[in-house]
Amino acid sequence: MHKENIKVYPEACVECLSCQLICSLTYQDRFVPERAYIQIDPRIDTHDVVKIRFTEDCVKECSLCVRYCVFEALGKV
Amino acid sequence: MRFYGYAGHILFVDLTAGKTWRETLGRELCEDFIGGEGINIRLMLDLLKPGVDPLSPENPIVIGVGPLVGTLAPSTSMTQVATKYAIPASSDGKKYYVANAKGASSRFSLMLKNAGYDHVVVLGRAPSPSYLLITDGEVRILDAGDLWGKDVYETMSILKKKHRNSGVWTIGPAGENLVRISHGFVDRSHMGRHMGAVMGSKNLKAVVTYGAKGVEIADRKRFLDVVNPLRERILTQTTVDPPIESDGPAHAPGMVSPYKEGYPQDLAVKTKIEDFACASCITPDRFTFEIKDGPFAGETLRTTHFLMVPIFGQRLRLVDWRETAKFMDMCNCLGIDVLTAYQMVTFVTRLYARGDISNKETDGMELRRDFRCYRELLEKIARREGIGAAMADGWYSLHEKVGISPWEHWDGTGIVKGTDTIVDSRSMRFDPWQFSQIVNLRAGKEEHNSPIVHRYHETIEVYREAFKESMNLTDEEIKRYFTDDDFITGRFEKISEDGLAAYESLGQCIQQYILSCGALRIRDAAQLYSAATGIETSAADLKKKGERIWNLYKVLNVREGFTREDDAFPPLWVKATEAPARMGTGEVWLTTRGGRRLTKEDLTRTLDDYYDERGWDIETGVPTREKLEELGLSEFVPVVEKYLTK
């Protein structure tokens, strides 16, 4: 799902999963990256590019993921 | 019982019978041994019979992920794995140590916790090449016939594509061929230096894990009240100095021409193409460097910091950095420990070049100090061919093959319990970082808990203040570990190990308590643990639990026959203090931080200090009855009794 309020820079993502960890703690009451409203499709082979996408459940514009990303892979529009 | 922080279960896998089952994690285990390394060691004591052959089905592998793994606590991504190592630790080939290794993972540790397990016990031997799949829905022992023989990266790629978003721990062909100096890779990191053969002996190619059970924590607000300022401190304090950073200069300390020119200052910056972090880590140190031209154009090296490339390159006399990178990459692909491999290769090729050995010792292979020869040696190690077979079985085996002892010859290296040391104290001063290699229960490994120790230009005052802060010590307490101008090395080592054991039991990576400025302090770790698990624990408690864990870890090895005589300083290190010799570009000595040349007696006194600080028997180096009783480990007194002198 495309988010109007968040710009994504996948080339800056290092897959620390901090965004998923804070999102899932907030909305699932536990740390569970696989159920976060932001999903990170990992790089497997060299030159793969990370894919960052939002699920349909991401409806609040909390921008927690942006706040917890220190690598500027996510930015507020 | 509801678990917070912990997943709440131990998974047992019997590869021989093809069966799996799980047991509930006991609360007492958590309170006494925390998790991760601590509980791994406690389980090993029950599961491992003394004297077992490490490559037999009777040698268990215990994997553990601590209670902070899977949370947002920075750099809590460590997988711990304990087993009896297959490296002969004595010249008669009869002694093998039991150790706990670790690997920082992008997904493996987090996914194992999310699959619902804090520990996995692997027993027996599969009848044919297999891999273990552990998810929140199922546990299966699967056929790995089409993976057997494939290199680490290819295996990782196949399994990660087959099992979406999984974490993977795999060995390469070297582990499959029971090369004792082999290891595994967990996601982007090495894991289990020298334990690849143990996995290979079980016909276990890989462990794959995935899950979505999640990790609940007891007090979210309290947890985040520690995590958030800690993240800020990590980002605003100075982190590791160049040249350890990947973007820093490529030059290693002491580089000379033509290597300085072959490894230009901006090499890391120009060749890095990927950054990877482990889960929850905001100071990533897993990188991919690309060779852009020459015969290896397009190939890559996955490693931590680029600093290793010039260090190895100069020692191997490879002026072309691309050859060094390719050497390191080959070690990764084959699953051979690069630290041991480069030292062994250096040793045999130097001996050959001097005429100290000939084709007779090398099974007809002509050795040269060049990349083609090094490549051939690596292939022979992986296939156990010719001189490679002797190298594959460790340093004692190599000694027997070439007839020259690597721990005494000038072209050799420091060897402790059959394992080469990571850092050589002759050229780097003798401080806790060096001493830890002597007494570490994971032989030869430079492990400790002292922040900023890599910054060699700092004054002792800076170290003292950093450590006092890091380990929550009073002014009185800190005097046990420092003089006005130096470490009291033996005593410092004790508290360093206790802190290390606590962190490794929590699932905490060294990134935040050593490699950065020590942004993480033991009192932060205690707060994080208390908030995550609901088990109220102070900094003092954590240190005490760390002490308990280290003592139990020692008992495990005393049971295998290890005593003070095994905590011996490498003969080569001591040789330099007694008989000056020119080594390379200059003399090398064991010295203190103040530059004073050390004697054998100084080193003996350091060991005495260490055992005294530990409350162990000074003559035999084993925990005393009183110490074990103090730590609630009286049931293990019978193990040490025969070694006690009082």
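Predicted model: local features only at pLDDT ≥ 70, side-chain atom pairs only at ≥ 80, totals over all residues.
Strand E6 of chain B spans residues 119-123. This strand is mostly covered. Of its five residues, four are buried.

E6(B) pairs with strand E1 of chain B, residues 9-14. The two run parallel, joined by five bridges. One contact to look for is Asp14(B), whose bridge partner in E6(B) is Leu123(B).

E6(B) also pairs with strand E3 of chain B, residues 61-65. Here the sense is antiparallel, with four bridges. Val120(B) in E6(B) stands opposite Ile63(B). E6(B) therefore takes part in both kinds of pairing, parallel with E1(B) and antiparallel with E3(B), and strands of a sheet pair through backbone hydrogen bonds in either case.

## The three-stranded sheet

A separate topic is the open sheet of chain B with strand order E13-E14-E15. Its pairing is antiparallel. Strand E13 (272-276) and strand E15 (300-303) of chain B are the edges, each pairing on one side only. On average, neighbouring strands of the sheet are turned by 15° against each other, direction ignored.

Strand E14 of chain B covers residues 286-290. Four bridges link E14(B) to E15(B) in the antiparallel sense. Within this pair, Phe287(B) has Thr303(B) of E15(B) as its bridge partner.

## A helix on the sheet

Helix H11 of chain B, residues 321-334, packs on this sheet. The helix touches E14 and E15 of chain B. Its direction makes about 65° with that of E15(B).

Definitions and conventions
Residues numbered from 1 in each chain as written. Chains lettered and ligands numbered in written order. Buried ≥ 20, exposed ≤ 12 C-beta atoms within 10 Å, placed from the backbone. Pairing = 2+ DSSP bridges. Axes fitted to C-alpha atoms, helices over the stretch in contact; angles between N-to-C directions. Contact = placed C-beta atoms within 7 Å.
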